[in-house]
Amino acid sequence: MRRNRNVKIVATLGPASDDYDMIRALHEAGADVFRLNMSHGSHDEIAVKHKIIRQVEADLGSTIGILADLQGPKLRVGVFAGDSEMLEEGAAFRLDLDPAEGNAARVCLPHPEIFAALKPGASLLVNDGKIRLKVEDCGDDFANCTVIAGGVISNRKGVNVPDVELPLAALSDKDRADLEFVCALGVDWLALSFVQRPGDVEEARGLAKGRAAILSKIEKPSAVERFDEILAVSDGIMVARGDLGVELPVQNVPPIQKRLVRKCRSAAKPVIVATQMLESMIESPMPTRAEVSDVATAIYEGADAVMLSAESAAGNYPVEAVRTMDNVATEVERDPTYTQIIESSRDAKRNSVADGIVAAAREIAETTNIKAICCFTQSGTTALLTARERPRVPIIALTPLVGTARRLALSWGCNCVITETMERFKMAVVGAAKAARSEGFATENDQIVVTAGVPFNVPGTTNILRVAPCDERLIFSTDPE
């Protein structure tokens with residue numbers, strides 16, 4: 001299904017979007033990738049959603065990506081004798097491993113890993129940062145704290161530890177079971193929560209065994225500090241601004257977002273900007289002006305995708321939220337300022353033949369009357385490199401591998417077409433011309449740029465570029481074998 005924009009939209013599925021009619025409506029409204037949140041729903045429920053997405057894909061002849069978002073370890077306090085307590089600013093409060101019910105002076109924190117990593121002066125944030133504690137003294141099984149920001153603390157509220165790298169793996173036992181289940185089911189992307197170090201990503205990759213691409217969620221200060229290392233071993237990135245805004249001062253999040261998006265683009269790896277993008281549309285059919293500006297900012301920065309969470313999963317207006325995002329993206333990309341910003345931020349570092357080929361393809365397309373860049377790709381790398389260039393003309397990614405096409409559904413500007421396995425370059429050019437015409441990007445009187453690797457069907461061999469007519473008769477009469 002051809003879009004009138006290049007940035008992609010990720011929509012989370014949930015109680016408000018769990019049947020065929022709604023999922024189809026979301027895709028038709030603009031959702032390119034569907035997110036399955038493994039924090040909610042049984043394996044049976046996840047399997048039903050997956051099956052519906054694939055049915056919509058088949059019925060519409062479209063390519064849809066599926067992203068399974070693993071929960072990650074959840075750090076929570078224990079329970080209170082009265083279910084909740086009021087913590088006053090300046091008061092002393094103790095966290096320990098004692099499973100007894102809590103009171104206004106203490107509560108259980110059943111995570112010895114946290115105590116092992118804490119140091120005096122560290123901060124502990126409870127209930128999304130609404131309560132802030134400062135560690136005064138700590139040991140292997142306790143932390144004596146001062147309440148810096150008070151409020152009501154209740155049973156099993158979440159705890160964030162922003163100041164230290166915790167000796168916790170990103171994958172819990174539940175995550176490992178979920179990972180195996182969704183990989184066997186056939187998802188395209190795995191979103192990895194609680195990433196702190198590159199080893200977290202490498203563990204997930206080893207378990208996935210090539211069945212899904214790995215997308216690292218950046219939601220902890222330690223991940224920001226080690227971002228270059230994490231990016232190097234990841235297939236994609238999600239800027240998860242919710243937890244980032246809890247663990248870091250909120251004013252730090254926008255420059256971090258901008259910096260991470262640029263680094264991802266330079267590495268030719270897709271990046272999603274996520275969390276609270278159209279939050280008010282959970283209950284309102286119209287977004288706030290600030291939310292629209294937030295979505296637009298992410299697009300101006302060059303993000304590959306923007307994401308809806310509760311808006312499409314549990315909100316009252318899921319289709320309207322997707323349509324709003326689609327309209328904002330379409331309007332931003334029409335703005336000449338958008339083109340200026342995107343082109344001025346283009347990274348000129350090129351180290352390979354493939355880098356040079358895709359850069360030349362963009363230059364040719366933008367200086368002549370070319371209608372599309374058609375790239376043949378096995379692994380998706382050529383399409384990702386082309387997308388990094390952010391050309392002014394459409395990108396048609398042709399691949400014989402449906403898995404590659406689905407993964408590219410997340411990448412900026414990639415219009416994916418499943419094609420036959422090619423053995424000769426002339427037939428590849430003919431296939432590209434047919435795709436450009438059938439998808440509505442060109443007519444017989446137009447020209448396209450075709451990039452490919454010879455020999456065919458070998459990943460990472462992009463080494464040839466051809467300006468070709470869309471009239472097959474001209475291809476056969478002029479092209480060498």
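Mentor: Helices (H or I, at least four residues) and strands (E, at least two) are DSSP runs, numbered from the N terminus. Before we start, this is a predicted model, where local features need pLDDT of at least 70 and side-chain atom pairs count only at pLDDT 80 or more, while totals for chains, interfaces and linings use all residues. Residues are numbered from 1 along each chain as its sequence is written, and side-chain values use heavy atoms, with hydrogens and water left out.

Trainee: Which helices and strands supply at least two residues each to the lining of the second largest pocket?

Mentor: Helix 12 (318–334), helix 13 (336–344) and strand 19 (414–418) do. Strand 19 gives the largest share, five residues.

Trainee: What makes it a pocket rather than a cavity?

Mentor: On a 1 Å grid over the protein atoms alone, a cavity is a set of points where a 1.4 Å probe fits but cannot get out, whereas a pocket is an open set with protein on both sides within 12 Å along at least five of seven lines; lining residues have an atom within 4 Å of a point. The second largest pocket has a volume of about 750 Å³, the space filled by probe spheres set on grid points joined across faces, edges and corners. Of its 34 lining residues, R3, R5, N6, G413 and N415 are the closest to the centre.

Trainee: Which domains does that lining draw on, with at least three residues from each?

Mentor: Domain 1 (8–72 + 169–335) and domain 3 (353–477), with bounds from an automatic or database domain assignment.

Trainee: How do you know that the span of helix 14 agrees with its number of residues?

Mentor: The expected span is 1.5 Å times one less than the number of residues. For the 15 residues of helix 14 (residues 353–367) that gives 21 Å, and the end C-alpha atoms are 21 Å apart, so the two agree. Buried residues of this helix include A354, I357 and R362. The buried residues pack against strand 17 (370–376), helix 15 (381–388), strand 20 (447–453) and strand 21 (462–469), with contact meaning heavy atoms within 4.5 Å.

Trainee: Why is A268 called buried?

Mentor: Buried means under 20% relative accessible area, exposed over 50%, partly exposed in between (1.4 Å probe, protein chains only). A268 has 11% relative accessibility, so A268 counts as buried. This residue is in the loop between helix 9 (253–266) and strand 15 (271–274), and has a positive phi of about 60° although it is not a glycine.

Trainee: And what makes R390 buried?

Mentor: R390 counts as buried because its relative accessibility is 4%. Its phi is near 50°, again positive in a residue other than glycine, and R390 lies in the loop between helix 15 and strand 18 (395–399).
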